[in-house]
Amino acid sequence: MTVTDTAHAVDPERGTLAKAADENFPVAPFFLPRAWRTDLMAVYGFARLVDDIGDGDLAPGGADARLLGVPEGRADDRLLMLDAFEADLRRVFDGSDGSPRHPLLRRLVPTVRRRALTPEPFLGLIAANRQDQLVARYETYDDLLAYCELSANPVGRLVLAVTGTSTPERIRRSDEICTALQIVEHLQDVAEDLARDRIYLPAEDMKRFHVQETDLAAPSANASVRALIAYEAARARDLLNEGAPLVGSVHGRLRLLLAGFVAGGRAALNAIAAADHDVLPGPPKSGKVHLLREAGVVLRGEG
């Protein structure tokens with residue numbers, strides 16, 4: 001058991017929030033106003049916990065299940081846990097059944113009130129994790145985009161809502177960025193996802209590039225897998241480029257945060273390309289210098 005797991009077993013709220021330091025992108029960086037950081041961390045706590053439920057990554061001990069009223073013997077039933085979590089989320093928006101049971105959802109209550117947040121983005125994230133229990137393969141790219149609409153796009157919409165900057169155009173650009181980042185993450189995690197019996201590479205594209213599922217289980221990618229990864233990476237880069245004008249539409253510290261998201265996606269794609277699109281040994285990573293360089297390009301509007 002790791003130190004984080006130990007903390008989580010004792011204090012689920014603190015253990016879950018501690019995972020923010022390990023995320024690919026900054027959750028609530030120091031340069032944001034304190035009020036924003038507080039509310040973004042509350043949103044992060046929800047998103048991290050629902051993903052942990054969906055991935056079966058909750059800390060040992062069953063503390064989260066007990067908090068949600070799930071019998072100890074059924075703590076491994078992910079669909080039941082997601083149902084219980086959704087019921088607790090509804091207490092955030094409708095207190096007629098009492099206050100939320102889980103501390104991370106109690107933490108969310110003042111954020112929802114302050115920012116006039118609606119249930120839909122949160123329900124979308126739950127629906128995505130429920131879908132992960134039922135759908136392990138995606139036939140078409142459009143099917144994958146529909147999944148990203150649930151699994152990724154709500155996060156960007158919540159960032160805009162928390163910062164009071166939502167407009168239809170910004171939401172559209174944000175959706176493009178978030179979908180791109182989700183696809184990049186899928187490309188980085190092909191081997192890890194396969195270990196969970198999930199494949200987020202569209203089946204129609206695998207057929208086009210003559211890639212079999214067994215090819216994805218190899219220690220290193222063959223030429224067909226590399227060509228497929230390059231194809232999906234180009235799609236993600238196009239989406240990032242489409243969404244990038246979002247950065248120039250806002251000002252101040254929020255502009256820095258959004259530039260970091262776009263830069264992080266581009267840096268990850270560059271790392272994948274530098275690995276000759278062989279993602280099977282593990283996720284290709286980019287260094288901080290490369291990330292900062294990309295952020296400068298985004299902030300200057302040069303790409």
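**View 1. Confidence of the predicted model along the chain.** The mean pLDDT, the predictor's confidence in each residue on a scale from 0 to 100, is 91 for the chain, and 92% of the residues reach at least 70. Over residues 1–9 pLDDT stays under 50, and the model has 16 contacts beyond four places in sequence for this segment; a contact means heavy atoms within 4.5 Å. The model is predicted, and local features need pLDDT of at least 70, side-chain atom pairs count only at pLDDT 80 or more, and totals for chains, interfaces and linings use all residues. Residues are numbered from 1 along each chain as its sequence is written, and side-chain values use heavy atoms, with hydrogens and water left out.

View 2. Asp-55 belongs to helix α3, residues 34–55; helices (H or I, at least four residues) and strands (E, at least two) are DSSP runs numbered from the N terminus. With a relative accessible area of 17%, Asp-55 is buried. The classes are buried for under 20% relative accessible area, exposed for over 50% and partly exposed in between, with a 1.4 Å probe and protein chains only. When residues up to four places away in sequence are not counted, Asp-55 touches Arg-78, Arg-196 and Arg-198.

View 3. Pro-29 is located in the loop between α2 (12–17) and α3 and is buried, at 11% relative accessible area. Leu-257 is 228 residues from Pro-29 in sequence, yet the C-alpha to C-alpha separation is 7.8 Å. Pro-29 touches both Leu-257 and Arg-37, residues up to four places away in sequence not being counted.

View 4. The structure holds zero disulfides, a disulfide being a pair of cysteine sulfur atoms within 2.5 Å. The cysteine sulfur closest to that of Cys-148 is in Cys-178, at 9.8 Å, which is too far for a bond. Cys-148 is buried at 0% relative accessibility, and Cys-178 is buried at 12%.

View 5. Asp-197 is not a glycine, but its phi is positive, about 60 degrees. Asp-197 occupies the loop between α11 (190–195) and α12 (203–208) and is partly exposed, at 45% relative accessibility. His-210, also a residue other than glycine, has a positive phi near 60 degrees. His-210 is placed in the loop between α12 and α13 (213–216) and counts as exposed, at 64% relative accessibility.

View 6. Rings of Phe, Tyr and Trp (its six-membered ring) pair if their centres lie within 6.5 Å; planes under 30 degrees apart count as stacked, over 60 as edge-to-face and the rest as tilted. By this rule there are eight aromatic pairs. In the pair of Tyr-138 and Tyr-147, the ring centres are 5.4 Å apart and the planes are at 45 degrees, so the pair is tilted. Tyr-138 and Tyr-147 are both buried. One aromatic cluster is formed by Phe-46, Phe-85, Phe-93 and Phe-122.

**View 7. Arginine over tyrosine rings.** A charge sits over a ring if NZ of Lys or CZ of Arg is within 6 Å of the ring centre and within 35 degrees of the ring normal. Arg-208 lies over the face of Tyr-231, 4.7 Å from the ring centre. Arg-235 is placed over the face of Tyr-141, 3.7 Å from the ring centre.
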